[in-house]
Amino acid sequence: MTDWSTYIRDIPDYPEPGIVFKDITPLLADRTAFARAIEELADGLDFDKVAGIEARGFILAAPVAYRYGAGFVPLRKKGKLPFTTIERSYDLEYGTAAMEVHADAFAPGERVLIVDDVLATGGTASAAVELVRQAGAEVVSVSFLLELSHLSGRDRLAGVDVRTLVTM
């Protein structure tokens, strides 16, 4: 069993005073830990595509898709995709945001694994689930490298299989 927390560095007061940023770059830099994380984010799941949440979710989702022979679909911030899109707005601690996906990214009924780096308040992940469903696909699971349990993000994903490699 891997102690994932040894690969996550705390950066105090980033991006603003009072916030402790969870830096995953030590894990990404360790080829053994990174490869194992890619394996474990999707182990035992059956899916057709992997949807990665911008931006750090791309770092994990694309290799998961490659490893498991699935397609990769980016879930992007509003205005970043060049083709016809569908979108979902969501609340953040400090305002609102919107996420988009190409309208033709998923075929009806496709099984989708959503991947991101951190589960915090759950707003972004919940919007991703709703967006994939709006596109006509089925969400198999949402996988995260790290969960910040004190923020209760899992509560916003009720009824969805949620996987995390480390909970802090």
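Which strands does helix H4 lie across, and at about what angle does H4 run to E5?

A: The model is predicted, and the mean pLDDT of the protein chain is 95, with 98% of its residues at 70 or more. Helix H4, made of residues 123–134, lies across strand E3 (49–53), strand E4 (71–77), E5, E6, E7 and E8. The helix runs at about 155° to E5.

Seven strands form an open sheet with mixed pairing, in the order E5-E6-E4-E3-E7-E8-E9. At the edges are strand E5 (85–92) and strand E9 (162–167), each of which pairs on one side only. From one strand to the next, the twist averages 25°. In general, the strands of a sheet pair through backbone hydrogen bonds, and the pairing can be parallel or antiparallel.

The pairing of E5 with strand E6 (residues 95–102) can be followed in detail. The two strands run antiparallel and are joined by eight bridges. Within this pair, Leu92 stands opposite Gly95 in E6. Among the elements of the protein chain, E5 also has the lowest mean pLDDT, 90, while E3 has the highest, 98.

A further helix, H2 (residues 31–42), also packs on the sheet. Helix H2 touches strand E7 (111–119), strand E8 (138–147) and E9, and its direction makes about 145° with that of E9.

On the H2 side, the contact is made by Phe34, Ile38, Glu39, Leu41 and Ala42. On the H3 side, the residues are Ile59, Leu60, Pro63, Val64, Arg67 and Tyr68. Taken together, the residues of this contact divide into nine nonpolar, no polar and two charged.

The loops hold some backbone details. Ala55 is in the loop between E3 and H3, and the peptide bond that joins Glu54 and Ala55 is cis, with omega about -5°. Another loop lies between strand E1 (9–12) and strand E2 (20–23), and Pro15 is in it. The peptide bond from Tyr14 to Pro15 is cis, with omega near 5°. Asp13 lies in the loop between E1 and E2, and has a positive phi of about 60° although it is not a glycine.

Last, the chain as a whole. The secondary structure comes to four helices and nine strands, and along the sequence they follow the pattern β-β-α-α-β-α-β-β-β-β-α-β-β. The radius of gyration is 15 Å, close to the 15 Å that the globule rule gives for 168 residues, so the chain is as compact as a globular protein of that length. Along its principal axes, the C-alpha trace spans about 40 × 35 × 30 Å.

Terms used. Residues numbered from 1 in each chain as written. Predicted model: local features only at pLDDT ≥ 70, side-chain atom pairs only at ≥ 80, totals over all residues. Heavy atoms only, no water. Pairing = 2+ DSSP bridges. Axes fitted to C-alpha atoms, helices over the stretch in contact; angles between N-to-C directions. Contact = heavy atoms within 4.5 Å. Nonpolar A, V, L, I, M, F, W, Y, C, P; charged D, E, K, R; others polar. pLDDT = per-residue confidence, 0-100. Rg over C-alpha atoms; globule rule 2.2 N^0.38 Å.
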